[in-house]
Amino acid sequence: MYKMAAFPALKNDLILRAARGEPVERVPVWIMRQAGRYLPEFRATRERHDFFSICRTPELACEVTLQPIRRFDLDAAIIFSDILVVPQAMGMEVEMLPGKGPHFPHKLQAPDDLKRLKLPVDVDKELGYVFSAISLTRHKLEGKVPLIGFCGAPWTLMAYMVEGEGSTTLSKAKGWLYKFRDQSHTLLAAITDVCIPYLVGQVEAGAQLLQLFESDAGLLGPHQFAEFSLPYIRKISAGVRDGLKQKGLPVVPLIVFAKGGHHSLSELAHSEYNVVGLDWTVSPIAARQAVGSHVTLQGNLDPCALYADKKDLEEAVSGMVAEFGQGPWIANLGHGIYPDMDPEHAGFFIDCVHRLTQKPL
């Protein structure tokens with residue numbers, strides 16, 4: 001692993017300043033899934049390598065991470081990986097099936113299946129390839145923009161481990177919360193115990209921000225969210241901050257994105273994250289009222305707005321800029337970019353944000 005002091009000097013720290021609530025000359029912007037199937041160069045890489053081989057090969061993960069940085073004027077890179085590397089590290093097999101997405105051949109069907117998990121996890125051994133990819137990418141970026149590391153939140157990872165694949169209802173995973181309440185907490189705690197050192201290790205490897213993805217927050221009601229999601233989100237922020245301090249590492253900005261968690265924005269804003277991400281279904285004005293002025297917001301253009309012609313897309317971006325107002329803000333989509341998006345429209349979105357938020361010199 002490279003020493004942090006050896007990395008090239010950072011030339012664009014806009015997103016770091018915005019995340020900390022500091023003044024910026026224009027709003028920084030990045031795109032969730034910015035390294036993905038909408039880019040022809042990514043599709044060309046996927047034709048030669050399967051998904052998890054790219055994740056596990058630092059040189060390939062680095063190359064894919066850099067593809068959107070070469071193409072667009074983005075203000076951050078995000079390491080190419082997947083939230084499901086954590087269940088893999090816990091001993092579960094995960095396949096990425098063409099046209100279907102992730103699949104667990106041996107999902108968790110009953111509490112006895114928890115015995116199959118390989119715990120505790122040696123994060124350096126099981127996930128060291130991610131750390132190597134981060135260190136390599138920090139060097140290859142040559143200081144152009146900061147590098148974001150990330151992890152899935154415990155509830156979202158548990159949902160995949162129990163469902164065995166994506167689901168619109170998460171009925172099996174939510175069934176666990178009702179039928180196997182104590183065992184659900186045992187599983188969520190075990191996942192948390194992997195996430196914390198995994199995120200600390202990413203910073204040690206060179207990540208300059210961290211994002212926690214609670215992608216399935218919206219399928220929990222407020223009471224279930226308060227019991228089965230929020231406590232673990234908070235344990236991660238506290239554990240990561242403590243872990244970084246113990247290692248003498250910089251306490252980097254933390255972002256939490258709980259998709260659909262509108263009912264708990266205030267609680268998320270008081271969970272020791274610098275940034276609260278918004279999906280496209282919540283008003284930035286209402287979100288700012290809920291979170292107060294002490295955190296930065298991130299988001300939240302509807303990804304489908306990128307299907308619009310450029311005139312309408314610019315109007316949508318302009319409306320978003322107006323709604324976020326003067327509070328600290330990082331521009332993004334309200335969820336990941338879709339595979340059939342036109343890259344030219346992604347670039348136009350990025351340029352619109354810069355142009356419409358540039359402050360006079």
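A cavity is a set of points, on a 1 Å grid over the protein atoms alone, where a 1.4 Å probe fits but cannot get out; lining residues have an atom within 4 Å of a point. Grid points are joined across faces, edges and corners, and a volume is the space filled by probe spheres set on the points. The model is predicted: local features need pLDDT of at least 70 and side-chain atom pairs count only at pLDDT 80 or more, while totals for chains, interfaces and linings use all residues. Residues are numbered from 1 along each chain as its sequence is written, and side-chain values use heavy atoms, with hydrogens and water left out.

**View 1. Lining of the largest cavity.** The count comes to two cavities of 30 Å³ or more, and the largest cavity holds about 50 Å³ of space. Its lining consists of Leu 199, Leu 210, Gln 211, Leu 212, Ile 236, Val 240, Leu 254, Ile 255 and Tyr 273. Two or more of the lining residues come from each of β5, α11 (230–246) and β6; β5 provides the largest share, three residues. Helices (H or I, at least four residues) and strands (E, at least two) are DSSP runs, numbered from the N terminus.

**View 2. The largest pocket.** A pocket is an open set of grid points with protein on both sides within 12 Å along at least five of seven lines. Helix α7 gives the most, with four residues.

**View 3. Aromatic pairs.** Rings of Phe, Tyr and Trp (its six-membered ring) pair if their centres lie within 6.5 Å; planes under 30 degrees apart count as stacked, over 60 as edge-to-face and the rest as tilted. The whole structure contains eight aromatic pairs. The rings of Phe 131 and Tyr 198 form a tilted pair, with centres 6.1 Å apart and planes at 40°. This pair links helix α6 (residues 123–141), which holds Phe 131, to helix α9 (residues 181–205), which holds Tyr 198, across 67 residues. Phe 213 and Phe 257 form an edge-to-face pair, 6.4 Å centre to centre with 90° between the planes. Because Phe 213 lies in strand β5 (residues 209–214) and Phe 257 in strand β6 (residues 254–258), the pair ties together parts that are 44 residues apart in sequence. Phe 213 is buried at a relative accessible area of 14%, and Phe 257 is buried at 1%.

View 4. Gln 224 lies in helix α10 (residues 222–228) and is buried, with a relative accessible area of 11%. Leaving aside neighbours within four places in sequence, Gln 224 is in contact (heavy atoms within 4.5 Å) with Lys 174, Leu 177, Tyr 178 and Ser 229. Gln 224 and Leu 177 are 47 residues apart in sequence, yet their C-alpha atoms are 8.3 Å apart.

How values were computed. Buried means under 20% relative accessible area, exposed over 50%, partly exposed in between (1.4 Å probe, protein chains only).
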